[in-house]
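Please keep the structure open beside you as you read.

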Amino acid sequence: MPQNRRLTAQNATILTASVEVQTLTISGRQVTLSLFLQIPERPLISDDGTLNGVPWGRVNYHPDRCEPGVGKEGRRTITVPEHTHLIWQCGEDPFRAKVDVVPEFDEHGMNAKAVYSPAGDIVVAVEVQSYLDAVTAGGEAEYPLEKGWADHKRSIQEADDSMLIVEAPSEALAALTAYAETKRTEHSLTDSREWYREEAEKALAAYEDRKAALDRRIAATGWTLEELLERREQDFRAELARRQRYRDLRATLAELPQLYIAA
């Protein structure tokens, strides 16, 4: 190490003295702990992954005893994720916010990776509609839902470590259930016993009613299947982009200066 770069007691003192301590002040008044607690708390990051205002800096203080780690809440054991408290400004007013270091969608577990698509749900409804139209007309069709996963949810696409999850709407599930009941009782439509015929007729009427509800749900969107598939892709990509905005913002916020408040 060159002589002029060697660490000595003299230059160490100079380097330490040159560190700037930034205190948090509002209207020229230094913020104390009691004043800090009076600042309203609002989310800094909006749902679409953009800032709701101008961030000032980080505060190394947990006003609600929310230190990260495993703790107790009454008799329950809870895990408080690592997070940062920030001061930010919207218009003329200051606010404070708590921002988790790791977003919920980046945590471990399938549910945290799931991306849901409203348009994708309607695509499933169209698949169920096509299936029912085919089988009730005497044709054959592949059952549109997967067995074994609640029979109505499925992952249909993966990208960037996330999964697009679609879910059959309630109208589709009701129509499928009603159709299954008609198949169970159809032999009774010609039964000589009135009670059996009535049960079969009720099952058929219930199916027609629920199938009509499914048709109305799909027609209400006003979208073709091609438009639904495109919207499903847009939903997926838009959510991935939103999550990346969150990640980028958190990385930026982590670089904000540390603000100090008086006791």
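1. A word on terms before the sheets: two strands pair if DSSP finds at least two bridges between them. Helices (H or I, at least four residues) and strands (E, at least two) are DSSP runs, numbered from the N terminus. With that in hand, S10 and strand S11 (residues 162-167) run antiparallel and are joined by six bridges. Within this pair, Lys153 has Glu167 of S11 as its bridge partner.

2. Some ground rules. This is a predicted model, in which local features need pLDDT of at least 70 and side-chain atom pairs count only at pLDDT 80 or more, while totals for chains, interfaces and linings use all residues. Residues are numbered from 1 along each chain as its sequence is written, and side-chain values use heavy atoms, with hydrogens and water left out.

3. The chain as a whole. The protein chain holds seven helices and 12 strands. Of its 263 residues, 32% are buried (under 20% relative accessible area; exposed is over 50% and partly exposed in between, with a 1.4 Å probe and protein chains only). Contact here means heavy atoms within 4.5 Å. Among the chain's contacts with a separation of 6 or more, 67% are between residues 24 or more positions apart. The chain exposes about 16,800 Å², and carbon and sulfur atoms supply 50% of that; accessible areas come from the Shrake-Rupley method with a 1.4 Å probe, and for residues only the protein chains shown count as cover.

4. The three-stranded sheet. S10 and S11 belong to an open sheet with the order S9-S11-S10 and mixed pairing. Strand S9 (114-116) and strand S10 (153-159) are at the edges with a single partner strand each, so one side of each has no neighbour in the sheet. From one strand to the next, the twist averages 35 degrees.

5. Helices on that sheet. Axes are lines fitted to C-alpha atoms, for helices over the stretch in contact, and angles run from 0 to 180 degrees between N-to-C directions. Helix H4 (residues 118-136) packs on the sheet and touches S9, S10 and S11, its direction making about 50 degrees with that of S11. Helix H7 (residues 225-253) also packs there, touching S9, S10 and S11, with its direction at about 60 degrees to that of S10.

6. The five-stranded sheet. Here the order is S1-S12-S4-S7-S8, in an open sheet with mixed pairing. Strand S1 (22-23) and strand S8 (93-100) are its edge strands, each pairing on one side only. H7 packs on this sheet, touching S4, S7 and S8, and its direction makes about 110 degrees with that of S8.

7. Pairing around S4. Strand S4 (residues 54-59) pairs with strand S7 (residues 83-90) in the antiparallel sense over five bridges, and Gly57 has Ile87 of S7 as its bridge partner. S4 and strand S12 (residues 258-260) run parallel, joined by two bridges. In S12, Gln258 stands opposite Arg58 and Leu259 stands opposite Val59.

8. How do H5 and H6 cross? The axes of helix H5 (residues 170-185) and helix H6 (residues 194-221) come within 8 Å and cross at roughly 155 degrees. The two are therefore roughly antiparallel (angles over 145 degrees; under 35 count as roughly parallel, 65 to 115 as roughly perpendicular and the rest as oblique). H5 passes H6 in a left-handed crossing, where the near helix is turned anticlockwise from the far one by less than a right angle, clockwise being right-handed. Residues that meet include Ala175, Ala178 and Tyr179 in H5 and Ala203, Leu204 and Tyr207 in H6.

9. H4 against H6. These helices pack at an angle of about 140 degrees with their axes 10 Å apart, which makes H4 oblique to H6. This crossing of H4 past H6 is left-handed. Among the contacting residues are Ile122, Val126 and Leu132 of H4, and Tyr207, Leu214 and Ile218 of H6.

10. Glu127 lies in helix H4 and counts as partly exposed, at 30% relative accessibility. Leaving aside neighbours within four places in sequence, Glu127 is in contact with Pro144 and Arg154. Glu127 and Leu225 are 98 residues apart in sequence and 9.5 Å apart in space, C-alpha to C-alpha.
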